[in-house]
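Here are my notes on the model you sent. Please read them with the structure open beside you.

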Amino acid sequence: MAENKWGMIVDIDKCIGCQACVVACQSENNIPINEEGHFNQRRAIEWIRIERYWEGEFPNVRARFVPVFCQQCDDAPCEPVCPVYATYHNSEGLNVQVYNRCIGTRFCANNCPYQARFFNFWEPEWPESLKNQLNPDVTVRSRGIMEKCTFCIQRIRRSTREAAKDGQEVEDGDRGMSPACVNACPTHALTFGNLDDSDSAISKQSKEELKQPAGSRPGGRGYHMLEHLGTHPNVVYLKKVDKTAEEHEVHG
Amino acid sequence: MIPGDFQVKKPTSKQLAIFGTLGVVGLGSFVAIALGLTWIVSAWLGMPVIFAHDQGPTQPIAFPHPTHVQDLGLDCTFCHRNVTEGAAATIPSAGLCLTCHQVVGDGLEQIENMREQVADDRPIDWVRVHRVPDHVHFVHEAHIRRFSGVKTVVEEWTDPNEQAGEIRLGEALRIDPSVSVGQTMEIAEAQVCSVCHGDVGSMATVEQVRPLKMGDCVDCHRDNGAPTDCTTCHY
Amino acid sequence: MAITRRQFMTYVGGSAAGAVVFQACGVPADELLVQAPVEMPEDLVTGLDNWYATLCRQCSTSEGIVVRVMEGRAKKVEGNIDYPINQGSHSARCEAGLQALYHPDRIRGPMVRVGERGSGQFREISWEDALGRLTEQLQNIQNDGNQSSVVMATDPVGGHLGGVVERFVSKYGGRHMGYEPMERTTVRRAIKHVFGQDTMPDFDIENSNVVLSFGADFLNTWGSPVRHARGYGEFRQGDRERGDFIHVDSRFSMTAANADKWVFVNPGTEGLLALSIAQVIIDEGLGDAAAAQALTNNGRFNLGAFAPDNVAGATGVSAERIHEVAVQFASHGPSVAIGGGSAGAHTNGFANLVAIYSLNQLVGSVNKPGGVILNPTSPFKDVPVTAGVDSFADWHRLAEEMRNGGVQVLMVRDADLFHGLPQATGFKGASFNVPLIVSFSGFIDDTTAMSDLVLPQHNSLEDWGSDIPDAGPGYQTVGFQQPVVRPFFEHRGEHLGTRNFGDTLMAVALGLEMDLELPGDTFQDVLKDGARQLFEENRGSVKAVTFEGFWNGLLQRGGWWDDSKKETHVFAASPLVEVPQASFSNRDFYLMPFATTGIGDGRGAALPWMQATPDPITSATWQTWVEINMHTAEELGISEGDVVRITSDAGSIEALAYPHPGVSPNVVAVPVGQGHIAGGRYAKDRGSNVYSILDASSDSTTGALAWAATKVDIVKTGEWKRVPKLENTVTEPPRDDERLIIEITPLDS
């Protein structure tokens, strides 16, 4: 089996903050309904969320959007603190949460600089008829369990299996394999693929965009979120372009 | 301060005393209950099989596997059609039963019952026998793909990295109790089922023959060089 | 030693107590219980997932979707990659169609009211009975020769279903009225005036260099957001130079947040600003000279009065800024001007939009790449592209007529009049003078709750249908909608269950012995006949030798389109119109109602995913909030979560304050769509209905509701409630001055 290292590119310059990814994720991954009270207690669960940052104020005001989700860090701060190895790094570069191991200490969430992990404070509940919508490929997490973005691993598993059935390997850019958020995104701000496959669009693009400026050649727009923490994320963000802004210093 | 925020109030000394006593008593009873439960649960897990060996559940219609498999020679995939295609083996639709039983089996009580149910558009509430928890995603198709085809029976893998043409004696014996090491056997897709399900064709009432607990899965995966990463099954 | 469960029990127990303890703790039993989400109906082929193409009917723009169906249950919605409008993507609202399908409060079958009207108490009856009651009533009215007292109110229903409705109403002699809560009548009329077209045009944002939009939240809720957003992605980072985007709006919307420049304009002066831009362009000779002649009617329309210096005061935009925008718009083409939303919802809305859309004529971007692409007519002889929509003035008149007893039967389908029409129309009170209100909705919305008879329709995922997108993608396109699952409430025999709306009307017609002259006995036949017309054209995306093959291909792809069939005829520019001054009442703040990402104009309020979708700007959910400038709020002593009373001339509502830096000090913005009196467990009695306090003012030309023309006062009530919002759900990540969460570069790589 070929080596896979799943990664994502998020182009902030394309993201418009429309929430399509958020709802697509909730539908695909059986995320409990975020009721009003859950928001009020700051306990809503959104594996992918759109953060909004203000700059300036009226009339020269700007709001910038950025989708934040589990960065599948290669050196993930959440992993070493789990007392029961419920979270670990697998061979495909994914930061995995094993629900049946989790005992709910919430150490991992507290140690995650991206705040991408969510705790089930309540038993998830749906009215009987809404349960018909639940995705049978994804475990319904019960109360007391940590959960987070999985890069829709159920889709990766399904397409790898279906490709293997025909004696092939999954193709990069296969819509069946792409996470729900990527397929939904109207502006194509999200790109998903195999970073280890040197022919894949995502590995080429991330290499190109992560280039540092050298001489007269400008650098790419790529950066890792909170890079200075040394988490080595597998998600590359592409900078927002704003001709009126000053270049923020980017150095390693 | 955000209005409406919870304000901490200092407890009175009386309250402190009550809470203290409650705490000590509670801790004591918690320890006692925890010890008791540990004993019960650990004893329970010592059991090899969840559903007892000796009996399967009673089904709403006493479907006789032996009649269909041994007498008529239907193979598993005739009814459990999805098993070579996807994750679930699936129970056939009543429509499939009716392809034959529209005409066959007049006068038999069980069959009349079934026809009646279908006519009323009522589903048959089969009782599921083999069941893994919700957090386990077992895929039939991949397992059938691994074990079907022409295989040589071996004790140990000749090449640990290339096992496609071989089958370990343990699994081979479950398919055909008469095989021996070195023998080449052609395994049909429908024969693979018996590795985990036993000889369902001979069971009047279907029952579970393997523990199908995680240890069982992992042992088999390890022995057969299948991935043992958690996300193989848990996601 | 292996032990069985029975032996184990003996060991543990020996005593009954042991057994009790064991039973009570229940560990093994729980582990065995797969929390199977699905009670599998055994009559379906289970296990494998199937994807069916259909249309999403959650908002007025239908997008092509494919639905994952497993075990006869719809699981997931994804965009249909072939469908020209959305090309594989979809919006948050499409996804929630699943929750509409499995909503716990759906209507299960026909019902008749018991108890007081509006008490929401109904009794289930058989289809036969329900159809009989409606037919009898219609028959009686027909016998009296009073057919025009029968009114059918629907959402803008297009495609073949629209044809059936029209046929039914016209054969009977009643009236059909189309209803849109935040109506776009002004936009349609302005498009007609400027481009000579009945259909909405497509905006080629993808190939545009400068996008200048006025009031329309076109990336979020206005028009065809997913299509616009797809173009926007390319516009920003496609294989081309990065485009510039200027948004003129009185509210800082999601679209404004994505613009390079957000220009605040005083409400109602968008047209002035557009004329001023036109003045600069013509004055400096930057535009198309012929178009300039035509627009000014050979100089008879004096644009000089609108020079930037003259309008700067009224619009609140500096003369330099106007000049800068005009130059950028005219000299870095191709460019496109888009207008709508609040810009068209003032008492001078039509004139505003004419001025805005005329800018396209001025820079020559009509039917050019990167500009406004006109849409061709419908490929069907009998189905027009545009569904009829009646203006607010018509509804106001209807309310009057109802009050005077001029309406005998009001039939309603997916038009939530009771929620959407401002209180000032007196519609609710007038409805008590209507002897029979019939609803065809599959859901108890506010209007259905007030009805006497309910003949519920299928959910869109269970139903047949068709749609000619308006706006289309620039070429002839027809979307086909097929049932992807069997009806959840199936109609067995003559009892219970839901039905296709078209079929219901056809059954009523049969009862009235009225020949609708339709090509078949069911709605599906009508649809198939439409498909046959396309088959006989023998062109476009689906080709087949037989009709059956064509029909299957059509359903597989989710529709038919012919990208060679475009609109080639371009009308010459017609003269600009005077922009009258917008009129407002005399209160402190302009009220800007807006549709949100989640519940839209109120149609998504019943769905929990939509309620829980954070608004992009405030991240607020589940409630009605009021956006207010943070300094103004401070002066008024209002902080986040304070319940404020918003009072207009027409009434007052309460909302939670959300001060933020993006609001103008003279504006407050309130999301529409909450405050339902019915609508199921997730919508009922939640938040406040801002529609209800709108002044009953309308556009002076078209009679459309001027929903942005209300001014309000704000008073703090003294109560406080936490704003349910996503913001601050997570603590802010550790960052320093050098390392921002969002990094920004001035360079376009």
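**Notes on the predicted model**

1. The side chain of C:Thr624 lies 2.9 Å from the backbone nitrogen of C:Ser688. This is a polar contact, that is, a pair of N or O atoms within 3.5 Å; within protein, one must be able to donate a hydrogen and the other to accept it, and residues adjacent in sequence count only if both atoms are side-chain atoms.

2. A word on conventions. This is a predicted model, in which local features need pLDDT of at least 70 and side-chain atom pairs count only at pLDDT 80 or more, while totals for chains, interfaces and linings use all residues. Residues are numbered from 1 along each chain as its sequence is written, chains are lettered from A and ligands numbered from 1 in the order in which they are written, and side-chain values use heavy atoms, with hydrogens and water left out.

3. C:Thr624 sits in the loop between helix H23 (608–611) and strand E21 (625–629) of chain C; helices (H or I, at least four residues) and strands (E, at least two) are DSSP runs, numbered from the N terminus. C:Thr624 counts as buried because its relative accessibility is 1%. Buried means under 20% relative accessible area, exposed over 50%, and partly exposed in between (1.4 Å probe, protein chains only). Beyond four places in sequence, the residues in contact with C:Thr624 (heavy atoms within 4.5 Å) include C:Ala655, C:Val670 and C:Gly687.

4. C:Val194 belongs to helix H8 (residues 185–195) of chain C, and counts as buried, with 2% relative accessibility. C:Val194 and C:Leu359 are 165 residues apart in sequence, but their C-alpha atoms are 9.7 Å apart in space.

5. How many residues does each chain bring to the contact between chain B and chain A? Chain B gives 16 residues and chain A gives 19 residues. About 1500 Å² is buried between them, 54% of it from carbon and sulfur atoms; buried area is the accessible area (1.4 Å probe) that two parts lose on being put together, summed over both.

6. Chain B and chain A share two salt bridges, each a side-chain nitrogen of Lys or Arg within 4 Å of a carboxyl oxygen of Asp or Glu. B:Glu85 and A:Lys165 form a salt bridge at 3.9 Å, N to O.

7. On confidence: the mean pLDDT (the predictor's confidence in each residue, from 0 to 100) of chain B is 83, and 91% of its residues reach 70 or more. Over residues 47–53 of chain B the pLDDT is below 50. Where pLDDT is low, the predicted coordinates should not be read in detail.
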